[in-house]
Amino acid sequence: MPNSTTNLNSISNLNSIQKITNKKPHAIIVAYPTQGHVNPTIQLAIKLASKGFSLTFVNTEVIHEQITSSNPILDPTHIFSGAVNGSISDIQYVTVSDGLPLGYDRSLNHDHWIGAMMHTYPAHVEVAVADVVKSRPYTCCLVADSYSVWASNVAKKYGLFYVSFWTEAALVLDIYFHFHLLKKNSHVSPGTRKDTIDYIPGVKSLKTTDLMSYLQEEDMTSIYHESIFGAINDVKRADFILSNTVQELEPNTTKAIQAQTPFYTIGPLFKLGFPKRALSASLWAESDCTHWLDSKPNGSVLYVSFGSYAHISKDELVEIANGIKLSGVNFLWVIRPDMVSSDDPDPLPIEFKNDVRDRGLIVTWTNQISVLSHPGVGGFLTHCGWNSTIESVWHEVPMLCFPLLTDQFTNRKLVVDDWKIGYYLCDEKPVKKEEVSQKIKLLMHESMGDRLKEKIKGAKQLLEKAIAINGSSERNFDTFVKDLKIGASKKLNLSFN
């Protein structure tokens, strides 16, 4: 791992690459450094490259180290170098510091990490952007995750279009864009109203419990709120917003956002049609669960994962474990070493592990796509992260929803109330083992599970149609590329194909 703030050594000769990409529009793309944001950003980079862009992909040193340590087959200097597809051969790769030492425990000290992302990391990114702009004269845009608080200022400083990449549901962005209405109507702190929210454009109705977790809190002065509200204000200054959703899944909220700003739904961005080696961006070593799943009857396994980021209390974890035990179902459970705390890497009781040894497999991480696509899996107990939600729809696996943080509560509303392809794990907290067992049985064994599967097939068809030739997401992406190239041609006084 290089010690310098900006690593350009992964490209042997910038000048020779510039000749290869003569008059290709060049984009700088910056990933937000968490697993759930890095993965779709990599897919976006590949998609841009396939449309005739040359790219510089900016990653943090700590995420780069985690990816390459967990995936030893990758080139340790360039995670895209294993790709053999010609459309992604011109991706320059740059790593920068996030402002904290590599060995610092960001999970245990999350406040410090958010502070660094707001106040230190932007300086490192700006240095990288300046270096790239200097060496790549056809640089036309900065593509940055929408949770970046710095992107519009950096883009403006270097004369670039700012393309904001929204990795969550359109509904979430629509709510954030209309936060002022929630405040005006006292549905967020310091208000006390708990009645239905029915005044947000594009949204028929919401409960306060459907709002993102940070909007349900009494104290909205934390560093998390400062970061989120700063990022949303920055998104509003973007020249283009790309969204990893499908307009047919969220037609009304999509229209509401498009009435305010250039907004292109281009999802779902999946690992389809490219070599696995090029796209293996997991932050943890993946256990291959295929052999174990092969030994189970079709549809008999409950897959349990609460994602790559959010934490759960030990009491909740144990109650869910006991509910799984009571249900009697086969299960595959992903438990990250830091899911409760990095100080407690093995939080499940030993007696639970002993009692379920014959029907359960517990791993620290696995390839979720491989698991969800396996015929043995019949249900997904999920935190409702957006990637997990869309992947579950794609593989037609009904969901049991237990949101933990931020947009996951809003995604649960989509899954349960709007699309009707899942259930709440518990109606009210604290979660209890008896309700967990009951809901698992409902999902996995009874006729209601079959009804969900019928509904989810329809949702899956919307995704398939969107990414098909002439599908909405493909058309939207082509329109975006055309609009960007026209703008870049005028700005740079060049003609891009």
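What volume does the largest pocket have? The answer is about 540 Å³.

Some ground rules before you click. This is a predicted model, in which local features need pLDDT of at least 70 and side-chain atom pairs count only at pLDDT 80 or more, while totals for chains, interfaces and linings use all residues. Residues are numbered from 1 along each chain as its sequence is written, and side-chain values use heavy atoms, with hydrogens and water left out.

**Stop 1: the pocket**

Select Gln-66, Arg-106, Ser-107, Trp-284 and Asp-338. Of the 25 residues that line the largest pocket, these are the closest to its centre. A pocket is an open set of points on a 1 Å grid over the protein atoms alone, where a 1.4 Å probe fits, with protein on both sides within 12 Å along at least five of seven lines; lining residues have an atom within 4 Å of a point. Grid points are joined across faces, edges and corners, and the volume is the space filled by probe spheres set on the points.

Now colour α3 (61-70). Helices are DSSP runs of H or I with at least four residues, strands are runs of E with at least two, and both are numbered from the N terminus. α3 gives the most to the lining of the largest pocket, with five residues. α4 also supplies at least two.

**Stop 2: helix α4**

Select residues 110-119, which make up α4. Seven of these ten residues are buried, so α4 is largely enclosed by the rest of the structure. Buried means under 20% relative accessible area, exposed means over 50%, and partly exposed lies in between (1.4 Å probe, protein chains only). Among the buried residues are His-110, Trp-113 and Met-117. What do the buried residues of α4 pack against? They pack against α5 (121-135) and α9 (223-235).

Thr-34 touches Trp-113, Ile-63 and Tyr-309, not counting residues up to four places away in sequence. Contact means heavy atoms within 4.5 Å. Thr-34 is in the loop between β1 (26-30) and α2 (35-50). Its relative accessible area is 10%, so Thr-34 is buried.

**Stop 3: the seven-stranded sheet**

An open sheet of seven strands runs in the order β3-β2-β1-β4-β5-β6-β7, with parallel pairing. Two strands pair if DSSP finds at least two bridges between them. The edge strands are β3 (91-96) and β7 (263-265). The twist averages 20 degrees from one strand to the next.

Zoom in on β4 (residues 139-145) and β5 (residues 161-166), which are joined by five bridges. Find Val-143; its bridge partner in β5 is Val-163. Axes are lines fitted to C-alpha atoms, for helices over the stretch in contact, and angles run from 0 to 180 degrees between N-to-C directions.

**Stop 4: the six-stranded sheet**

Another open sheet has six strands in the order β10-β9-β8-β11-β12-β13, again with parallel pairing. β10 (360-363) and β13 (422-424) each have a single partner strand, so one side of each is left without a neighbour in the sheet. In this sheet, Ser-305 stands opposite Val-334 in β9.

**Stop 5: the cores**

Select Leu-44, Leu-142, Tyr-176, Leu-215 and Phe-480. They have the most contacts inside the largest nonpolar core, which has 132 residues. Such a core is a set of buried Ala, Val, Leu, Ile, Met, Phe, Trp, Tyr and Cys residues joined through side-chain atoms within 4.5 Å. A second, separate core of 31 residues includes Phe-331, Trp-333, Phe-402 and Leu-443.

**Stop 6: backbone details**

Most residues other than glycine have a negative phi, and most peptide bonds are trans. Select Cys-384, which has a positive phi of about 70 degrees. At 0% relative accessibility, Cys-384 is buried. Lys-420 has a positive phi of about 55 degrees. Is Lys-420 buried or partly exposed? At 43% relative accessibility, Lys-420 counts as partly exposed.

Finish with two cis bonds. One runs from Gly-267 to Pro-268, with omega near 0 degrees. Another runs from Lys-429 to Pro-430, with omega near 5 degrees. Pro-430 is in the loop between β13 and α18 (433-444).
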